[in-house]
Amino acid sequence: MWVQELFRRHYPKVVSWCLRFAGDREEAYDLAQTIFTKAFRHLESFRGQSKVSTWLYSITRSECMNFLKARSTRPPAAEDALEELPADGGTRPDEALERRVSAELVRALLDQALDETEKKVFTLHYGDEVPLDAITRLLGLSNRSGAKAYIVSAKRKLRRAFRRWKASERGLDA
Amino acid sequence: MADANPTERKGLEAALAPTDACVTIEQLSRLCDADRAGGADARAAEHVAGCLRCRTELALLKAFEAASPGPGEEEAASWIVARLERDVARMTGAPQARSRFPGAGQDQPRWRRLLAFRPVAGALAIAAAMLLVVLNVPWREAGPPALSPDVAGGPAVFRSDSVAVVGPVGDLDEPPAELRWEAAPGAVSYSVQMMEVDRTEVWNAQSQKASVSLPAAVRARMVPGKPLLWQVVAKDGAGKTIAASEVQRFRVRVRQPHPGE
C-alpha cells in the first residue's frame, strides 16, 4: 500500500511529462506504465541518497528517450525536415562547422550567439534528437511555430556568428 | 530529423553530447534545492554555469519537478492516472482502490493494448517475477534484501559527517523504541527528523540528550518492509546548526511464516 501512496504523489509529474513527450494519450500511458513498472521493480535498489522524484526523473528521462528512438524508425514528421530551413545562401553553418571547427568552438559559438531558449531547443533537438513538437510541449513554448521557430532563428544567428569567426580568423591569418 | 543528412549533424551532435566533466543527475537535483548546496555542489554549479548541456538538463529537471497537467492535458492525465492506479495495485498485490479519477474502466482497450502490456501480459510479468524469486531464493529467505549494516547484533557506531549515529540502521526485527546517536561536542540540543523515502516528514522532535524515544503513533507507522529515513542535527546554545548526521535508513523486516504456521 505504501508503494501505491508513494507513486501516487508522483503521478502528476510523470504523466504530464509522458504526455508532453508522446503527444498522445495512449502512448503516454504506455510510457508511464513502463516507468512505474520499472520503478517498482527497482524500488529495492533505491537507497534514499537522492529524492524519489529525482530517481523517478532519471527513469522517466531514460524511458522517454528510448521511446523517441523507437519512434524515429517511423516516417519522419514534416517539422523535422531540416531541408525546409532557409539556406541563407552559401554553405550551411552546421556543415561548415563540422568540417572546419572543433566541438569546443561549436559550443562557444552556440553559447555566444543563441539566447537561453534557443540553446535548450538546439541541445534537445541535436543533442538528444528530441522532435520539435515534443520540445515545444516540454518547454511550454507558446509561439505559433513552437520549437521550429527557435531552430530557424538559432541557425540564422549561428550562421552570422560563424561568418564573424571566419572573418576574424582571416584577419589573424593576414 | 530522420531525413536530415547525418553528416551535417555530426559537429553539432559532438558539441552537444555530454562530457566526462558533466554533473550527475543527483548533483543537478541538489542544485535545484539551493538550500542543500554545499561545497561539492558549488563546483557542480560552476560547471553547470558554463555547460550548455548541463544547463539544459537542469532546466529539464526543474520542469519535471514543477510539472503538472496543463489545462489541455487534464482529461488525458486523469485517464492515464486511473489506469496507473489499477496497474500499480496489480503489481503490489494490493486491493485496488476505488479510483478518484473520472474515466476509469469506462472504455474498452484497443486491440493493440491486448497485445501490449495489459492484464494478460501484466499477470504474466508478475508470475515470471514470482517464478524467478522462487527459483533463485530459498523460500524462507524470500523477502526484502537486507539493509546493511544491521544494528541488532551489537553496539556498532556509524560515523557520519559529524554526528555519529548509533541506531536504528538497516533491517530490524521490531520497530525501534528510540533513536540514538553519540553526543556531538558543543551541542546543547538536537533536532531529529524522520522521513519517508521521498523525504516527506513523518515525525520530528527536539532533544537535550543523545537519544529520543519514539511515540507509539510513530512506531505504529513502521510497517514491515517499509523503509524510513532519519537524521539528527546538533545545535549550539544559540540554536545554530553545528553538525548533522548523514541520512540513515532502516526498516522492520517482513516476517516470513515458518512451515506449519
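How many bridges join strand 7 of chain B to strand 8 of chain B, and do these strands run parallel or antiparallel? I will come to that in a moment, but please keep in mind throughout that what we have here is a predicted model.

To answer the opening question, strand 7, covering residues 228–235 of chain B, is joined by 3 bridges to strand 8, covering residues 241–244 of chain B, and the two run antiparallel. Within this pair, B:Val233 stands opposite B:Ala244, which belongs to strand 8 of chain B. The two strands form a hairpin with 5 residues between them, and in that hairpin B:Gly239 takes a positive phi near 85°.

Staying with chain B, let me turn to helix 4, which runs over residues 52–65 and has 14 residues.

Chain B averages a pLDDT of 71, with 65% of its residues scoring at least 70. Among the elements of chain B, strand 6, residues 211–213, has the highest mean pLDDT, at 92, whereas helix 6, residues 111–115, has the lowest, at 38. Over residues 1–7 of chain B the pLDDT is below 50, and this stretch has 13 contacts in the model beyond near neighbours in sequence. The pLDDT also stays under 50 over residues 98–161 of chain B, for which the model has 65 contacts beyond four places in sequence. Where pLDDT is low, the predicted coordinates should not be read in detail. For the complex, the predictor gives an ipTM of 0.78 and a pTM of 0.56.

Chain A has 8 helices and 0 strands. Of its 174 residues, 41% count as buried, and among contacts in chain A between residues at least 6 apart in sequence, 67% join residues at least 24 apart.

One residue lets us look at this in detail, namely A:Arg20, which sits in helix 1, residues 2–22, of chain A. A:Arg20 counts as buried because 24 other C-beta atoms lie within 10 Å, where the cut-off is 20 or more. Leaving aside neighbours within four places in sequence, A:Arg20 is in contact with A:Ala134, A:Arg137 and A:Leu138. The C-alpha atoms of A:Arg20 and A:Leu139 are separated by 9.1 Å, although the two residues are 119 apart along the chain.

Methods:
Residues are numbered from 1 along each chain as its sequence is written. Chains are lettered from A and ligands numbered from 1 in the order in which they are written. This is a predicted model: local features need pLDDT of at least 70, side-chain atom pairs count only at pLDDT 80 or more; totals for chains, interfaces and linings use all residues. pLDDT is the predictor's confidence in each residue, from 0 to 100. Helices (H or I, at least four residues) and strands (E, at least two) are DSSP runs, numbered from the N terminus. Two residues are in contact if their C-beta atoms, placed from the backbone, lie within 7 Å. The expected span of a helix is 1.5 Å times one less than its number of residues. A residue is buried if 20 or more other C-beta atoms lie within 10 Å of its own, exposed if 12 or fewer, and partly exposed in between; C-beta atoms are placed from the backbone. Two strands pair if DSSP finds at least two bridges between them.
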